[in-house]
Amino acid sequence: NPTPESIEKDLTFLGLVGMIDPPRPEAKAAVAVCRKAGIKPVMITGDHVVTASAIAKELGILEEGDRAITGSELDTMTDTELDAQVEGIAVYARVSPENKIRIVKSWQRKGQVVSMTGDGVNDAPALKAADIGCAMGITGTDVAKGAADMTLTDDNFATIVDAVQEGRGIYANIKKVVGFLLGTNIGEVITVFVAMLLWHVSPLLSMQLLWINLVTDSLPAIALGMEAVEKDVMEKKPKPKDEGIFANGLGIRIVLQGFMFAILTLIAFKIGENAKGIEGGRTMAFMVLSLSQVVQAFNMRSNHSLFKIGFFTNKKLNLAVLSSILLVCLVLFTPLQVAFSLIMLPWHLYLIALGLILVPLVVMEVCKATGLIKPE
């Protein structure tokens, strides 16, 4: 029977062979984006703690002050102790499936939204427990994919970061569209309500209101929802789980914007009525309310100044606004005006109307410049 002593003799040292499974080049940049976006990346692995720590340091996951622990150390902690220390632990090595679930639940007890990635059968419980389970599509097992909420088709961590960026952009666009639609429609309601209280006459007929809604609630709102993701969206901290869509003053701004549209429309109505009677007033009110809302679509594109993001960088919105303006002009300056009870006005009234139409642009730019409206 051969023994090490009998075999390992008279040998010549030629060298050492080392192997490494390096992280993807884009992973380090993705981790840096996570840090900037207020997302804490944590490594949970079955590798040796020294190996895991080296890779984590290279990626920027393990920074100064962070800890790397093993599953056996985690087993000695109570849930209370883990909750107290979990924010300072960046690497977990040699962990069991039970350890992974404990880590996920500890972060959740901190009120955090937890995303978990994994590919094996032993990752399935943690994938299921996480708020968002991400399974690997290439190397992942069917069990992991079945337990996860989403599957990464390219097994790339950077894809998760891209998905977060896109998700933040979609949520921001939803808020823009909701704010735009509610603000403009509140303006219409206030306009009719106040006019009926003060003068016992409606400044807009039902057909005119329906046309305004067709112009403002359709194409501009849809195009506004296609606004490109803002460049600084990944420089903002994650929103609290219990934060509503009208948080950070959006609800108040919507109501105030509604009053702004109402005031402008009522001013236009009285100017037109004094000059050309009730039909002149309704023509002025129709023109100002419809086109000022079209201008508002540009204002709602961003909480940054339009001079910073560019007035016409959303090509879909440009086409939508042009279509809306043409629809308004169709009933203002063609024989269709008779069907809508509109009339031709003196040229100076059109200039006054243009000034009123541009007021929302000036007001919103001033609010953005003075910090009354801040990027969220």
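**Close-up views of a predicted model**

View 1. Helix α15 spans residues 347-357, and its buried residues are L349, Y350, A353, L356 and I357. These residues lie on the same side of α15 because they cover an arc of only 120 degrees around the axis. An α-helix has 3.6 residues a turn, so residues three or four places apart point the same way.

**View 2. The largest nonpolar core.** This core has 48 residues, and those touching the most other members are L204, M284, F286, M287, V288 and L345. Two or more residues each come from α9 (157-199), α10 (206-216), α11 (219-224), α12, α14, α15 and α16. Helix α12 gives the largest share, 16 residues. Another core, of 21 residues, lies apart from the largest one; V114, A130, A147 and A148 are among its members.

**View 3. Surroundings of F286.** With neighbours within four places in sequence left aside, F286 is in contact with L204, Q208, W211, I212, V328, V331, L332 and L342. Both F286 and L204 are among the residues that touch the most other members of the largest nonpolar core.

**View 4. The second largest pocket.** The volume of this pocket is about 370 Å³. Its lining consists of 16 residues, and E227, V229, E230, K231 and I309 lie nearest the centre. Helices α13 (306-309) and α14 (315-332) are the elements that give two or more residues to the lining. By class, eight of the lining residues are charged, four are polar and four are nonpolar.

Key: Residues are numbered from 1 along each chain as its sequence is written. This is a predicted model: local features need pLDDT of at least 70, side-chain atom pairs count only at pLDDT 80 or more; totals for chains, interfaces and linings use all residues. Side-chain values use heavy atoms; hydrogens and water are left out. Buried means under 20% relative accessible area, exposed over 50%, partly exposed in between (1.4 Å probe, protein chains only). Helices (H or I, at least four residues) and strands (E, at least two) are DSSP runs, numbered from the N terminus. The arc is that of the directions from the helix axis to the C-beta atoms. On a 1 Å grid over the protein atoms alone, a cavity is a set of points where a 1.4 Å probe fits but cannot get out, and a pocket is an open set with protein on both sides within 12 Å along at least five of seven lines; lining residues have an atom within 4 Å of a point. Grid points are joined across faces, edges and corners, and a volume is the space filled by probe spheres set on the points. Ala, Val, Leu, Ile, Met, Phe, Trp, Tyr, Cys and Pro count as nonpolar, Asp, Glu, Lys and Arg as charged, and the others, Gly among them, as polar. A nonpolar core is a set of buried Ala, Val, Leu, Ile, Met, Phe, Trp, Tyr and Cys residues joined through side-chain atoms within 4.5 Å. Contact means heavy atoms within 4.5 Å.
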